[in-house]
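Here is a short briefing on one protein model. Please look over the sequence and the fold before reading on.

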Amino acid sequence: MSRDPLIVGGIVGTVVDYFDASARLRVLYSNREITNGSELRPSQVANQPTVHITGLPGSHYTLVMIDPDAPTPSNPSQREYLHWLVTDIPEGRDVRHGTEVVAYERPQPTAGIHRIAFVVFRQAVRQAISAPGWRSNFITRDLDECYSLGGPVAAVYFICQREGTCGGRRYR
């Protein structure tokens, strides 16, 4: 049985194929660093997070933030819901130094416990990546293939459910 939290949490398999991380991704909401499986409420993720990517010096990165459980985990018919897409993020710099292709939209689950994943790709070259005309049914693997991004280099996810609910997913 795997102990990799991205496999246990179903991000590897549902959103991306297995990969060896070669960059470090730090996502902070109000100075709280996200670790795989962190639990956050919509009020805690209302504002765009601070994101830092460290990896290969001189590289540029693409960041995707998606919800693979939209609209509900039991019926993810909008899988994957795109919350944010930023390209050309310089290594070692905050995401604000990149190009925001799709503006940040905070997660607001209405039912169930949602996994919200951040996936990072190292760009072989700086290139224009077009915004899809939709947020629902975005496919991270298709973005990777269409722009020849070469697979993920880092990822992290947190879980989110509507305000006022209790409980959460537990992994062992």
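Predicted model: local features only at pLDDT ≥ 70, side-chain atom pairs only at ≥ 80, totals over all residues.

Residues are numbered from 1 along each chain as its sequence is written, and side-chain values use heavy atoms, with hydrogens and water left out. Helices (DSSP runs of H or I, at least four residues) and strands (DSSP runs of E, at least two) are numbered from the N terminus.

**Nonpolar cores**

- A nonpolar core is a set of buried Ala, Val, Leu, Ile, Met, Phe, Trp, Tyr and Cys residues joined through side-chain atoms within 4.5 Å. Buried means under 20% relative accessible area, exposed over 50%, and partly exposed in between (1.4 Å probe, protein chains only).
- The largest nonpolar core holds 25 residues, and those touching the most other members are Leu25, Tyr29, Trp84, Phe118 and Phe158.
- At least two residues of this core come from each of strand 1, strand 4 (50-54), strand 5 (60-67), strand 6 (81-90), strand 8 (114-123) and strand 9. Strand 9 gives the largest share, five residues.
- Another core, of 22 residues, lies apart from it; Ile11, Val16, Val119 and Ile159 are among its members.
- Phe118 is in contact (heavy atoms within 4.5 Å) with residues including Leu25, Tyr29, Pro49, Trp84, Ala155 and Phe158, leaving aside residues up to four places away in sequence.
- In soluble globular proteins, nonpolar side chains tend to be buried together.

- An open sheet of three strands has the order 2-1-4, with antiparallel pairing. Strand 2 (32-33) and strand 4 are the edges; each has a single partner strand, so one side of each is left without a neighbour in the sheet.
- Two strands pair if DSSP finds at least two bridges between them. Strand 1 and strand 4 run antiparallel and are joined by five bridges.
- Val27 has Val51, in strand 4, as its bridge partner.

**Largest pocket**

- A pocket is an open set of points on a 1 Å grid over the protein atoms alone, where a 1.4 Å probe fits, with protein on both sides within 12 Å along at least five of seven lines; lining residues have an atom within 4 Å of a point.
- The largest pocket has about 210 Å³ of space, a volume being the space filled by probe spheres set on the points.
- Its lining has 16 residues, and Leu6, Ala21, Asn36, Ala155 and Val156 are the closest to its centre.
- Strand 1 (24-29) and strand 9 (152-160) each give at least two lining residues. The largest share, three residues, is from strand 9.
- The lining comprises 11 nonpolar, two polar and three charged residues. Here Ala, Val, Leu, Ile, Met, Phe, Trp, Tyr, Cys and Pro count as nonpolar, Asp, Glu, Lys and Arg as charged, and the others, Gly among them, as polar.

**Backbone spots to check**

- Most residues other than glycine have a negative phi, and most peptide bonds are trans.
- Ala70 to Pro71 is a cis peptide bond, with omega near 0 degrees. Pro71 is in the loop between strand 5 and strand 6.
- Arg79 and Glu80 are also joined by a cis peptide bond, with omega about -10 degrees. Glu80 lies in the loop between strand 5 and strand 6.
- Asp88, in strand 6, has a positive phi near 55 degrees. Asp88 is buried, at 9% relative accessible area.
- Ser148 has a positive phi near 50 degrees. Ser148 sits in the loop between helix 3 (140-146) and strand 9, and is exposed at 58% relative accessibility.
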